[in-house]
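Hi,

Here is the structure I promised to pass on.

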Amino acid sequence: HIVWFGEEVPMIQTAVSIVQKADIFAVIGTSMLVYPAAALIDFVHPDSPKFIIDPNIPDLNYEITKIAEKATVGVELLKEKLKELA
């Protein structure tokens, strides 16, 4: 599915419900600047680890582990970080 700029995000409430129950939150390939999807991080439990994978990570006011890589490399690094948490 594609959501164009200015369009409503389908199922955003469903996404919020899922995020609220997440043990881990990972964002891959986004600037975290486009709302309402960027606001999903606000619904993550404070104790849940948060990760962002993107070559151009913006300054974020969140406690989040930053992996400044393309998705193909970043997901492999994320897997290693998740193993450390286990």
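Let me start with the contacts (heavy atoms within 4.5 Å). Of those in the chain with a separation of 6 or more, 43% are between residues 24 or more positions apart.

Before you read on, note that this is a predicted model: local features need pLDDT of at least 70, side-chain atom pairs count only at pLDDT 80 or more, and totals for chains, interfaces and linings use all residues. Numbering runs from 1 along each chain as its sequence is written, and side-chain values use heavy atoms, with hydrogens and water left out.

Overall picture

You'll find 2 helices and 3 strands, arranged along the sequence as α-β-β-β-α. Along the principal axes, the C-alpha atoms fill a box of roughly 35 × 25 × 25 Å.

As for burial, 27% of the 86 residues count as buried. Buried means under 20% relative accessible area, exposed means over 50%, and partly exposed is in between (1.4 Å probe, protein chains only). The charged side chains come to 7 positive and 12 negative, with the centres of the two sets 6 Å apart. Lys and Arg count as positive, Asp and Glu as negative, while His and the chain ends are not counted; each charge is placed at NZ of Lys, CZ of Arg, CG of Asp or CD of Glu.

Strands E1 and E2

E1 and E2 (residues 50-53) run parallel and are joined by 4 bridges; strands pair if DSSP finds at least two bridges between them. Ala26 has Phe51 in E2 as its bridge partner. On E1, Phe25 and Val27 make up the covered face, and Ala26 and Ile28 the uncovered one. In a regular strand the side chains alternate between the two faces of the sheet.

The loop between E1 and E2

Two things to look at here. Pro36 sits in this loop, and the peptide bond between Tyr35 and Pro36 is cis, with omega about 15°. Met32 is in the loop between E1 and E2 too, and its phi is positive, near 60°, although the residue is not a glycine. Met32 is buried because its relative accessibility is 6%.

Met11, in the segment before H1, also has a positive phi, about 65°, without being a glycine. Is Met11 buried or exposed? Met11 counts as exposed, because its relative accessibility is 60%.

Two more residues

Asp23 lies in the loop between helix H1 (12-20) and strand E1 (25-28). With a relative accessible area of 65%, Asp23 is exposed. Leaving aside neighbours within four places in sequence, Asp23 is in contact with Ser48 and Pro49.

Lys66 belongs to strand E3 (residues 65-67) and is partly exposed at 43%. Which residues does Lys66 touch, not counting those up to four places away in sequence? They are Ile52, Ile57, Pro58 and Leu60. Leu78 is 12 residues from Lys66 along the chain, and their C-alpha atoms are separated by 9.7 Å.

Cheers
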